[in-house]
Amino acid sequence: MKEKITESLTPREQEIFDMLIAGVSPKEIAFKLNISYDTVLAHQKNMYRKLGVHTINELLTKYPKENGTAPEHSAENTPVVFKSPVFLISAGITVISFLFLFILLIFLPFKTNATQGFPASFTRWQTWEDNFGSYISVTPQIDFIQDQYVTTYTIAGCLYPNNFSYTGTIVEPDASTLEAMKKASSFSFSVLGDGNSYEALITTTDTRVEGGLSHYMKKFTTKKDEIITVHIKYNEMSQSPYFGNRVPFNRENIECFQIQAHTTGDFNIKIWNIRIHR
């Protein structure tokens, strides 16, 4: 019999928890449990909420592999081993080293986050397509990139070659992220590129604009199969000519942001690590 280390999880969530800790990918979990990939992601999202983590990297840090499910131990089967003084000294040095590394792991992330910005989270990603045949899809998944597990979003599709064509994603932030965006001066994200150009847009609500919406945009160009960091500063964004008269940008009116295809033809990028900067 195995003892559950996370009592708040349902049996299915515990099962998925153990498999993630063992290094099984969400797609493999869906195959082994004979359930859909979306169902695995839903269980994973609920599990993250209960455990107070946001990514697979945080989960593996908080619950190392050996702590996933703990087998029962019997005192009768545990041999008594007498340790030599040399061993005890070595063990003491090891413990001190471990404590030092533990302190670094505890305190360094706060310093890093202060310089890298506020990690953003979102309630929904949805696609935005035109009426000229363009199409797009957004696929969330967990990938191992740059020596860590991250939640990525693959944005793929085709932009139809028409002067009025545009297609992209609408990214709706949760309450804490939206509040951070309204107090920020910029945001950034990591991109695995395809060599095409894109536009990052912030959507604001404003009654002075026809339709009540305005877009502020900044173009960025990716590199084929290379990872880059895109940093979008509010004061470098220009207002979209498609949304009424020009009005001053107001951070208090931010509603969401978008990533829109700029280069016609097929496109396929992967983004992650979205952060808000003061």
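View 1. Where pLDDT is low, the predicted coordinates should not be read in detail.

**View 2. Confidence along the protein chain.** The average pLDDT is 79, and 78% of the residues score at least 70. Helices (H or I, at least four residues) and strands (E, at least two) are DSSP runs, numbered from the N terminus. Over residues 67–83 the pLDDT is below 50, and this stretch makes 14 contacts beyond near neighbours in sequence.

**View 3. Helix H1 (residues 11–21) packing with helix H3 (residues 37–51).** Their axes (lines fitted to C-alpha atoms over the stretch in contact, with angles from 0 to 180 degrees between N-to-C directions) lie 10 Å apart at an angle of about 90°. H1 and H3 are therefore roughly perpendicular, a term for 65 to 115 degrees. Arg12, Glu13, Ile16, Phe17 and Leu20 of H1 meet residues of H3 including Val40, His43 and Met47.

**View 4. Cysteine 158 and cysteine 256, both buried.** Buried means under 20% relative accessible area (1.4 Å probe, protein chains only); cysteine 158 has 18% and cysteine 256 has 5%.

Residues are numbered from 1 along each chain as its sequence is written. Local features need pLDDT of at least 70, side-chain atom pairs count only at pLDDT 80 or more, totals for chains, interfaces and linings use all residues, and side-chain values use heavy atoms, leaving out hydrogens and water.

Conventions. pLDDT = per-residue confidence, 0-100. Contact = heavy atoms within 4.5 Å. Parallel < 35°, antiparallel > 145°, perpendicular 65-115°, else oblique. Buried < 20%, exposed > 50% of the residue type's maximum accessible area, 1.4 Å probe, protein only.
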